Amino acid sequence: MEDIRNIVILTGAGISAESGIDTFRDAGGLWEQHRVEDVATPEGFARDPDLVLGFYDMRREALARVEPNPAHHALGRLEREWGERGNLLIVTQNVDDLHERGGAKGVLHMHGELKSALCLACEMRCPFDGAMSDRPPCPVCQAPSLRPDVVWFGEMPYQMERIYAAIRKADLFVSIGTSGAVYPAAGFVRDALDCGARTLELNLERSEGSHWFHESRLGPAGELVPLWVEEVLAR
Ligand code: BJW
């Protein structure tokens, strides 16, 4: 087996599904309940801010009722125990905080976070818990101009330079619980392959970019991820 020092892990909605958070594109998922162009684009927000703020308030409230599952805990353990062996970066497309509640400390939220607000007046970001539909004032400039600090279609995901730098150095790229339908995250596997990394997907079903992975393990994240973490720590 080849030497693995640097690992990049990309997670998506599937890792939080067993905690009770809806995915986007599965049957019954969020995009069957809401039109994506209405709730996840800057244009939708400009047209109907109340609808969008209400959508994210509802998801923020739901977050308070769920717990991290064995997949989140296993990645928290891996991050802790990988230690001196090399670098490990968890990049999540998820806006929930279940990785952190599962013990991971250095998670990069490329699509933002539900419990963060962005002020459209002063452009400050701040931790936020509560209801944005109530139009609370920005804690910095007091303007009632907060929006969810999340990345909508057409907006630039966060910390792309840092992600690509980690991918360039990666010996192993692992994708967990994502459909591979949304770019740029869906392209990371090809970037990692181009840079010589081994690629592994852990997903309920084959993702759209499944053929780019050296290996696909299919099943629920809550079962697959703890087993894979045991395996990688035992190397
Ligand atoms: C389980 C499971 C279990 C279930 N266990 N698994 C053509 C080519 C390239 C790009 C584009 C293009 N046309 C348009 C674009 C750009 C666009 C895009 O990708 N569009 C596509 C629809 C084609 N992308 C953008 O606009 C992005 N910005 C951008 O590109 O900027 C320019 C740029 C240029 C160059 C470099 C960098 C940037 C922004 C995308 C923002 C996405 N935002 C959202 C909403 C965030 C806030 C929120 O949460 O509301 O992000 S949309 C939504 O999709 C959310 C997710 O993070 C994202 C991905 O979804 P995910 O996580 O994969 O969930 P699902 O539901 O799709 O899949 C779940 C998977 O889990 C499934 O496979 C299940 O089987 C599995 N699963 N249970 C394991 N128990």
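Which backbone atom lies 2.7 Å from a nitrogen atom of the ligand? It is a backbone N or O atom of Glu155. The model is predicted: local features need pLDDT of at least 70, side-chain atom pairs count only at pLDDT 80 or more, and totals for chains, interfaces and linings use all residues. Residues are numbered from 1 along each chain as its sequence is written, and side-chain values use heavy atoms, with hydrogens and water left out.

A polar backbone atom of Val151 is 2.9 Å from a ligand nitrogen atom. A backbone N or O atom of Gly154 lies 2.8 Å from a ligand oxygen atom. Taken alone, the ligand exposes 1,500 Å², and the protein buries 77% of that. Accessible areas come from the Shrake-Rupley method with a 1.4 Å probe. The ligand is surrounded by 36 residues (a heavy atom within 4 Å). The closest are Arg25, Tyr56, Arg59, Thr178 and Ser179.

The protein chain falls into two domains, with bounds from an automatic or database domain assignment. Domain 1 covers 7-21 + 66-111 + 157-234. Domain 2 covers 22-65 + 114-150. Their centres, taken over C-alpha atoms, are 25 Å apart. Domain 1 brings 16 residues to the contact and domain 2 brings 15 (heavy atoms within 4.5 Å).

Between them, the domains bury about 1,200 Å² (accessible area, 1.4 Å probe, lost on being put together and summed over both). Carbon and sulfur atoms carry 54% of this area. On the side of domain 1, Val66, Val95 and Tyr158 supply 43% of the area buried against domain 2, more than any other three residues.

One salt bridge is counted between the domains (a side-chain nitrogen of Lys or Arg within 4 Å of a carboxyl oxygen of Asp or Glu). The side chains of Asp97 and Lys115 also meet in a salt bridge, at 3.2 Å from N to O.

Definitions and conventions: Buried area = accessible area lost by both parts, 1.4 Å probe. Polar contact = N/O pair within 3.5 Å; in protein donor to acceptor, adjacent residues only side chain to side chain.
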